[in-house]
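The following exercises concern the structure shown below. Each task is followed by a solution in steps.

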Amino acid sequence: MKNIRNIISLLIITGLAFLSCDDSTIELDPIGDTEAGFFQTEEQMTQAVLGTYQKLTFFYTFRGRPNNFLQAIWQLPGDDLTTEANHPHEFFSGLNGNNGQLNAFYRFSYQLIARANTLMQKIEENGSIAYENQPELMDYHRGEVLFLRAWMYFKLWNTYGTAPLVRERIVALENAFPPNSQGTELLDQAILDLEEAAQILPEAWGDANKGRVTRNSALGLRGKALVFRGTVTGSNADFTSAIQDFDAISGVSLTSNYGDNFNAAMENNEESLFEFQANNQAGINNVFLDNDSFAVVGDIGAYYGHFVRRPTWVGNTVYSATSTLMDEFEPGDPRINYIFDPEPGLVTNVVKYIKDGNWTNNPGGANGSSRNNPRILRYADILLLKAEATVRSGGNLSEAVALLNQIRERARMSAENEMSAVPSDYTLTGETESTVLEWIFKERRMELACEEGHRWYDLRRRHLAGEIDLKTWDFDSKRIDLEFEDFHVNFPLPEIEVIENENMNQNAGY
């Protein structure tokens, strides 16, 4: 998909030209595309799909000034990363409805959802005309934007707990003020979207479109959403449905080497189910246009500046792994060398995606930017979720442990020279379900360390389920002012949205 990113970076799909009508302009032809003339061909529909993917850039790139990269929202609240910087996501008590990163996350989320809803409307209206040459693309395109909308709802639930459900394109002012969702409604919608997407997405794309989502992507994310929902609702049916989805995934496997998942030369590999397709930065222009009439001006790479060693301009905003995370690993676990920098005295110690400066595939990029794809969903996550679902549904503990041991075997095989002896396989000797579940979460913490907010999302759902209490949790933070209260499990909605939308309520505690 690298070869289509230049289209993505320049694409304008929602900012279709509109001219004010007066005597000097009423007879002029519009400058650029208008909505009435767009969405008429397969090429235009494809551009609209790529424009929806393009919105992912807003969540992963550098946005023009320190502390204004959105990864902090999902990486810092957990207990695997910490920083001395003034990130309220790290110490919780400073969170409020005026937080710039949370407000940008909310805004970009609904811009992506709006793009998806617009395309689905146009497929309904123009599909019979637009897809004359390749009718199969109509289903593929719908499946792609259903997946992206579902991913967005999954992220929204894990961030705010509640946010409006927008299932159709908003074209009338009276529909522009939807209320909060309730309970797990955001997850419910994601699960429904992904169920349909899994039925209509292709099994695979050709090399020219590698990186676009597939049936496996939808099955994997749906199963994950089901496990999350089942955790907080106690629904056994969600766990059994998740296992069915995971079992339906085909043609993927763990890479032979753990480090391949973070190497720019090994993107979209056999373990990958969904990646953000980063690109070389367009230049050192940091201007990022929030107006959704435009795509991106400037950097469209993935930002890893918060992991850069010996930082200069970023000051103390650098993220480092917590000591409790590093202590989880047995000495000699090969994954250590792919996650942490063992050199003492460095300000930071996390090298995933930037190991030795080589994995960036563009070292020294503007402001810590890289073309190395963040791996959003990979098969190792799926295997661990399947093990969890097996335990939670009362399934065979030996089968769950066998899945866990696949992850540990791959870790042993990832040593640079001969195969490592650690981590050894788990062996059942009368352990209970709760013990095996703790093994799984320990393995998730190690295997998925410092990636995509996995750890925070796991802690959050377990707190909601009453399995752990984050009020007494050891976050191992560098911030001495960390103070977690029950309401912090949901971050504050943008205050301006709550003020302007009389149907919305702010999350409790803010």
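**Exercise 1.** State how many helices and strands the chain has, and what share of its residues counts as buried.

*Solution.* In this predicted model, the secondary structure consists of 17 helices and six strands. Of the 510 residues, 59% count as buried. As to contacts between residues at least 6 apart in sequence, 72% join residues at least 24 apart.

**Exercise 2.** Determine how helix α13 is oriented relative to helix α14, and describe the residues of their contact.

*Solution.* Step 1: Two packed helices are described by the angle between their axes and the distance between the axes. For α13 (residues 379–392) and α14 (residues 397–413), the angle is about 160° and the axes are 8 Å apart.

Step 2: Angles over 145 degrees count as roughly antiparallel; α13 is therefore roughly antiparallel to α14. The crossing of α13 past α14 is left-handed.

Step 3: On the α13 side, the contact includes Ala380, Leu383, Leu384 and Lys386; among its partners in α14 are Leu397, Leu403, Gln406 and Arg410. By class, the residues of this contact are 10 nonpolar, two polar and two charged.

**Exercise 3.** Classify the ring pair of Trp456 and Phe484, and locate both residues in the chain.

*Solution.* Step 1: The ring centres of Trp456 and Phe484 are 6.5 Å apart, and their planes stand at 70°. Planes over 60 degrees apart count as edge-to-face, so this pair is edge-to-face. The count of aromatic pairs comes to 32.

Step 2: Trp456 belongs to helix α16 (residues 454–464), whereas Phe484 lies in the loop between α16 and α17 (495–500). The pair therefore ties together parts that are 28 residues apart in sequence.

Step 3: Trp456 and Phe484 are both buried.

Technical notes: Residues are numbered from 1 along each chain as its sequence is written. This is a predicted model: local features need pLDDT of at least 70, side-chain atom pairs count only at pLDDT 80 or more; totals for chains, interfaces and linings use all residues. Side-chain values use heavy atoms; hydrogens and water are left out. Axes are lines fitted to C-alpha atoms, for helices over the stretch in contact, and angles run from 0 to 180 degrees between N-to-C directions. Helices (H or I, at least four residues) and strands (E, at least two) are DSSP runs, numbered from the N terminus. Angles under 35 degrees count as roughly parallel, over 145 as roughly antiparallel, 65 to 115 as roughly perpendicular and the rest as oblique. A crossing is left-handed if the near helix is turned anticlockwise from the far one by less than a right angle, and right-handed if clockwise. Contact means heavy atoms within 4.5 Å. Ala, Val, Leu, Ile, Met, Phe, Trp, Tyr, Cys and Pro count as nonpolar, Asp, Glu, Lys and Arg as charged, and the others, Gly among them, as polar. Rings of Phe, Tyr and Trp (its six-membered ring) pair if their centres lie within 6.5 Å; planes under 30 degrees apart count as stacked, over 60 as edge-to-face and the rest as tilted. Buried means under 20% relative accessible area, exposed over 50%, partly exposed in between (1.4 Å probe, protein chains only).
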